[in-house]
Amino acid sequence: MRVRTTAAVAAVSSLALLTGCGAADMTKQASPFANAQGAKTVTLSVQSWVGAQANVAVAQHILEHELGYRVDTVQVDEVPAWDALSQGRVDALLEDWGHPEQEQRYVKDKKTIAPGGELGVTGHIGWFVPTYLAKQHPDITNWKNLNKYSHLFRTPESGDKGQLMDGSPSYVTNDKALVKNLKLDYQVVFAGSEAAQITQMRQFAKEEKPFLTYWYTPQWLFKKVPMTEVKLPPYKEGCDADPEKVACAYPHTPLQKYLNSGFAKNGGKAAAFLKKFKWTTEDQNEVSLMIADKKMTPEDAAKKWVDSHKSTWKKWLS
């Protein structure tokens, strides 16, 4: 996602461009700083979408420049990040879209991971079409009418079916099950990463071509490519419990932070700060846009945001 067992949202939009896809398996690779006894160091997990990179960039800047810590960041996919956090290979995960299985195992049963509080941002995954297409065909925004328009979305990759564009195969997504269970004449095609997906959407939009895509909010791209959500069958608690039988929309998920439980207890000012780190969707999008669209380095984007939002982040240090 960039979700919960249902949702996932995304893979390297770049640490090259944004954040990091094809991330390392941290269950086999330790950070040189994680669990460094007596050292003022913190290791943060960076997931593969720009919103997550924005969180980490700002947290890193404040940890280093205000609290005097040395910060290491590690690119890691969603599920391996939980394993790495449990083992103390990373200290904190700043944006989780909901992984009930891992939460049960590590937070409730093993107690090796501690909740770090809400990030302040609500995430939502859905299917979207460009707004120019929705204006041409208003009924296209109801899933029941998607088969009527499937021919508009055909691509060489989808053959005689309409293309439903997803990001990275590493994302947790219900889309294949949704296509099957809702009997839709579509083929899920993976772009490969958030960056590749964005490139494709911007190209389609430039030419005003139809596209149907798995996408999520918050996301800076909406400011550049206006999109309208397609209404799927309403989400109800538990409707996504069986991944094979999912036939409902994705939920709206208050995004959560998690800390290694040892770090949560003994991480001093760094742990206290990360627990208080809480900002808005607008804040996150502001930093994300600087990184992904204006091509600023994460460090420069974080510094610019920190310099102009002192009243916000000062509260995190009190």
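So, Asp 307 and Lys 303: these two form a salt bridge, with the closest N and O atoms 2.7 Å apart. This is a predicted model, by the way, so keep that in mind throughout. Both residues sit in helix 10, 4 residues apart, which is about one turn of the helix. How exposed are Asp 307 and Lys 303? Asp 307 comes out at 43% relative accessibility, so partly exposed, and Lys 303 is at 42%, so that one counts as partly exposed too.

Okay, a second pair inside a helix. Glu 101 and Arg 105 meet through their side chains in a salt bridge, at 3.7 Å from N to O. Why are they about one helical turn apart? Because they are 4 residues apart in helix 3, which covers residues 100–109. Glu 101 has 53% relative accessibility, and since the cut-off for exposed is over 50%, it counts as exposed. Arg 105, at 31%, counts as partly exposed.

Next, Lys 148 and Asp 139. Their salt bridge has its closest N and O atoms at 2.8 Å, and Asp 139 is partly exposed, with a relative accessibility of 26%. Then there's a network: Arg 202, Lys 224 and Asp 293 are linked together by salt bridges. How many salt bridges does the count come to? The answer is 7. The general idea is simple enough: side chains of opposite charge can pair when their charged atoms come close.

Now for a charged residue without a partner. Asp 283 is buried, yet it has no salt bridge. Which side chain of opposite charge is nearest to Asp 283? That would be Lys 315, and it is 9.5 Å away. Asp 283 lies in helix 9, residues 281–292. What does Asp 283 touch, then? Setting aside residues up to four places away in sequence, it touches Trp 305, His 309 and Thr 312.

Let me go back to helix 10, this time for a pocket. The second largest pocket holds about 230 Å³ of space. It has 12 lining residues, and the closest to its centre are Ala 57, Gln 60, Thr 73, Pro 298 and Glu 299. Helix 1, residues 50–65, and helix 10, residues 298–308, each supply at least two residues of that lining. Which helix gives the most? Helix 1 does, with 7 residues.

One more residue to look at on your screens: Gln 256, in strand 9, which spans residues 252–260. Gln 256 is partly exposed, with a relative accessible area of 22%. Leaving out neighbours within four places, the contacts of Gln 256 are Leu 93, Leu 94, Glu 95 and Asp 96, along with Gly 117, Glu 118 and Leu 119.

Finally, the overall picture. The protein chain has 11 helices and 9 strands. Of its 318 residues, 56% count as buried. The chain exposes about 13500 Å², and carbon and sulfur atoms supply 50% of that.

Terms used: Residues numbered from 1 in each chain as written. Predicted model: local features only at pLDDT ≥ 70, side-chain atom pairs only at ≥ 80, totals over all residues. Heavy atoms only, no water. Buried < 20%, exposed > 50% of the residue type's maximum accessible area, 1.4 Å probe, protein only. Lys, Arg positive; Asp, Glu negative; His and termini not counted. Salt bridge = Lys/Arg side-chain N within 4 Å of Asp/Glu carboxyl O. Contact = heavy atoms within 4.5 Å. Areas by Shrake-Rupley, 256 points an atom, 1.4 Å probe, with all protein chains shown as cover. 1 Å grid on protein atoms, 1.4 Å probe; cavity = no way out; pocket = protein on both sides within 12 Å on 5 of 7 lines; lining within 4 Å. Points joined across faces, edges and corners; volume = space filled by probe spheres on them.
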